[in-house]
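Work through the exercises below with the coordinates open. Try each task before reading its solution.

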Amino acid sequence: MPALQRTNSCTDIGFTLRRLFHKEDFRPHQREIIEAALDGYDVYVQAATSFGKSICFQLPANIDQGSDHHSGIPVVKSNVDSLRALGIEANSLNSNTPYGERIRLERDLESGHPRTRLLYVTPELCSGPRFRQRLQLIHEQKELARVAIDEAHCISEWGHDFRKDFKRLSWFRETFPDVPIMCLTATANPQVRQDVLSILGLDATPEKTKIFLMSPQRANLHLEIRYTKDEDDSRLSDFLRWIRGVYDRRRADARKAELTNDGERIESVPGIIYTLSRDECESLSAALRNEGIGARPFHAKLPKDVKEETLNRWINNELGYDIIVATTAFGMGIDKNNVRFVVHWRIPKSFEGYYQEAGRAGRDGNASYCFLYYSREDLERVMRLIRSDSKEETNQIARLKSLQALALYCEDTDSCRHATIYAQGLETRCMRGLASEEFVSTQAMQGTYDGYYDD
Ligand SMILES: Nc1ncnc2c1ncn2[C@@H]1O[C@H](COP(=O)(O)OP(=O)(O)OP(=O)(O)O)[C@@H](O)[C@H]1O
């Protein structure tokens, strides 16, 4: 067990939750996770998007002596800002940190007794020798309380989102064997989970590591596949018909009165459309704007201030910013509860990625719509993309397997989609009686893809 001296013996964590985070009560399992962390165990948390994983490492950081160190990308500035607004000494250090702020933070770390309680950094930064030296100094002063690794599935080459800098996070256990590690993810199948634990050097026995696997319980998500093909590409008209239908329903008398009462606009139906390329992201958002829909592009090549403005205005439900058309770079760490739909314009590169992105809808628990436009031509395109950009062979095999599972899921018109996700090991408990089960069997073009993978 870790040698650090802890102060939680008589701490009322419910009080801290109310006082610091202004939340009435813990959600199921949050208390057990936080208590395991404060007791010095290594902790592995696998829970749905919107479960409330962040509090599981943010709260202990305000109780432990010493500071916590949180790694995982990307760190969204608004997260740190909102923690600071609560009076929590949280900071982030990454390539976007302004020079003055960086110097201030480096001095704070070099003191060995930093004021920072919670430091968000990228795995790339963790690989740098100077940063590592600073952490070693903090550790010598017994001030490094815990390391939290978000999006931990990126550690595994078997995962859909493998990044080699995540793998180097194994350095923490090698260098600080007494510092507990907490890893968190929304999506990992059993093989990825195993891999994450072993790369990070966590002993999976219950005496050492507490493992929390939660059912995502996302019954509020309606999962639908819509078929299309290159020759007769109906995506745009289909989507416009759908979104205008939603607006029309909100314009109906009774609903309109309700919305006016709440000060809501008719078109304030926040959504995300995922595309595969930056070009399509730009052209699709322009096409939607031409049709009078408030859509904005979001991708890595846009200037930082444009991205920040787009994000803030979308989060604040502003006119003209109802829909974000984004590449997969968008979403990690973004906390917007009322996303009413997520559309995949083309098949994404992996099952796990699809599920994670779709899971950004309906974080408030209200009914939300997720649909994916599927075509065989897109499937072939994405396969070629994976073959050309996978550097590691293991990762390529894993990624192709994951894509194939997703294609089968898309082409299956007889099973409950939630049950298929369960069979992938992404949901840890199968839910029954979902409306989607009946819906799937009545989908148009039933049977179109029968037998595709028979050979
Ligand atoms: N105990 C609680 N009571 C009320 N709200 C909570 C509680 N815990 C978390 N939340 C809220 O739930 C929302 C989702 O939390 P959080 O961002 O931590 O989810 P997450 O599990 O990290 O999801 P993701 O994987 O999508 O990032 C946030 O708005 C957060 O403030």
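Buried means under 20% relative accessible area, exposed over 50%, and partly exposed in between, with a 1.4 Å probe and protein chains only. The model is predicted: local features need pLDDT of at least 70, side-chain atom pairs count only at pLDDT 80 or more, and totals for chains, interfaces and linings use all residues. Residues are numbered from 1 along each chain as its sequence is written, and side-chain values use heavy atoms, with hydrogens and water left out.

**Exercise 1. A serine in a helix**

Task: decide whether Ser 285 is buried or exposed, and list its contacts.

Solution. 
- Step 1. Locate the residue. Ser 285 sits in helix 13, residues 278–290. Helices (H or I, at least four residues) and strands (E, at least two) are DSSP runs, numbered from the N terminus.
- Step 2. Apply the cut-off. Ser 285 counts as buried because its relative accessibility is 0%.
- Step 3. Look for a polar contact, a pair of N or O atoms within 3.5 Å; within protein, one must be able to donate a hydrogen and the other to accept it, and residues adjacent in sequence count only if both atoms are side-chain atoms. A polar side-chain atom of Ser 285 lies 3.1 Å from the backbone oxygen of Cys 281.
- Step 4. Collect contacts (heavy atoms within 4.5 Å). With neighbours within four places in sequence set aside, Ser 285 touches Glu 280, Ala 295, Arg 296, Pro 297 and Val 325.

**Exercise 2. The ligand shell**

Task: describe the residues around the ligand and find how much of the ligand the protein buries.

Solution. 
- Step 1. Sort the shell. It holds four nonpolar, six polar and six charged residues. Here Ala, Val, Leu, Ile, Met, Phe, Trp, Tyr, Cys and Pro count as nonpolar, Asp, Glu, Lys and Arg as charged, and the others, Gly among them, as polar.
- Step 2. Check ligand oxygen atoms. A side-chain N or O atom of Arg 363 is 2.4 Å from one. For Lys 23, a polar side-chain atom lies 2.9 Å from a ligand oxygen. Lys 53 uses a backbone N or O atom, at 2.9 Å from a ligand oxygen.
- Step 3. Compute the cover. The ligand alone exposes 640 Å², and the protein buries 82% of that. Accessible areas come from the Shrake-Rupley method with a 1.4 Å probe; for residues, only the protein chains shown count as cover.

**Exercise 3. A covered strand**

Solution. 
- Step 1. Count burial. In strand 8 (residues 221–227), seven of seven residues are buried.
- Step 2. Find the pairing, which takes at least two DSSP bridges between two strands. Strand 8 runs parallel to strand 13 (residues 368–374), with seven bridges. Tyr 227 has Tyr 374 as its bridge partner.

**Exercise 4. Positive phi**

Task: where do His 22 and Asn 317 sit?

Solution. 
- Step 1. Most residues other than glycine have a negative phi.
- Step 2. Take His 22. Its phi is positive, about 55°. His 22 lies in the loop between helix 1 (13–21) and helix 2 (30–38). His 22 is exposed, at 57% relative accessible area.
- Step 3. Take Asn 317. Its phi is also positive, about 55°. Asn 317 lies in the loop between helix 14 (304–315) and strand 11 (323–326). Asn 317 is partly exposed, at 29%.

Key: Near = heavy atom within 4 Å.
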